[in-house]
Amino acid sequence: MAGWCTRHARGVLITWVVAMLAAVLAGFVLGEHNSSTFRLPGTDSQRANDLINQTFPSQRGDYEAVVVSTSEGQITSGPAKAAAEQLFTKRRQLPGVTGVTDPLTDPKLGQSPVSLDRKTAIAVLHFNQQSVAVPQSTAKQLITEVRAARSGTLDAAVIGQAVENAEAN
């Protein structure tokens with residue numbers, strides 16, 4: 001077969017170029033009709049998702065995590081706590097945010113996402129939609145505001161799919 005390909009190199013090369021162009025063209029034609037809607041009708045997963053949407057509408061969207069830490073003292077008291085609380089309060093006002101689970105004011109502090117040394121904590125932002133539907137402007141605003149909250153007392157970062165989507169674009 002190698003000998004035949006060598007003797008007919010021009011034809012083989014043209015065939016490969018045509019095949020690649022056909023694949024690229026098919027990708028453009030078929031790739032335009034994608035969907036980010038995830039539904040699996042008739043499955044337990046879908047029934048659970050539908051039940052959450054009906055019963056707990058504030059829990060139906062995706063989540064982003066805001067991680068705060070301090071190198072001075074503890075995140076659960078003093079200036080670091082005040083800076084973190086201000087950051088969490090402002091996040092509640094972002095468009096599409098239905099709530100913020102605040103690890104510093106949670107009555108079950110022992111069960112909340114606070115490190116054992118009390119220097120790092122994780123707050124969870126609840127969105128009212130899936131991460132692919134969170135507007136880029138909202139995700140970018142979140143990134144900007146979390147970065148702006150960094151100070152000598154507080155370090156802050158945000159992680160989640162909506163943020164990753166915004167940073168990739």
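The accessible surface of the protein chain amounts to about 11000 Å², by the Shrake-Rupley method with a 1.4 Å probe. Carbon and sulfur atoms account for 60% of this surface. The model is predicted: local features require pLDDT of at least 70, side-chain atom pairs count only at pLDDT 80 or more, and totals for chains, interfaces and linings use all residues. Residues are numbered from 1 along each chain as its sequence is written, and side-chain values use heavy atoms, with hydrogens and water left out.

Six helices and four strands make up the secondary structure of the protein chain. These are DSSP runs numbered from the N terminus (helices H or I, at least four residues; strands E, at least two). The order from the N terminus is α-α-α-β-α-β-β-α-β-α.

Of the 169 residues, 26% are buried, meaning under 20% relative accessible area (1.4 Å probe, protein chains only). Contacts are heavy atoms within 4.5 Å. Among those between residues at least 6 apart in sequence, 65% join residues at least 24 apart.

The largest nonpolar core holds 27 residues. Such a core is a set of buried Ala, Val, Leu, Ile, Met, Phe, Trp, Tyr and Cys residues joined through side-chain atoms within 4.5 Å. Val66, Val68, Ile75, Phe88 and Leu142 have the most contacts inside it. Elements giving two or more residues to this core include strand 1 (63-69), helix 4 (78-91) and helix 5 (136-148). Beyond four places in sequence, Leu142 touches Glu64, Arg91, Leu94, Leu125, Phe127, Val158 and Val163.

Ile159 lies in strand 4. Ile159 and Glu64 are 95 residues apart in sequence, yet 5.8 Å apart in space, C-alpha to C-alpha.

Technical notes: Buried < 20%, exposed > 50% of the residue type's maximum accessible area, 1.4 Å probe, protein only.
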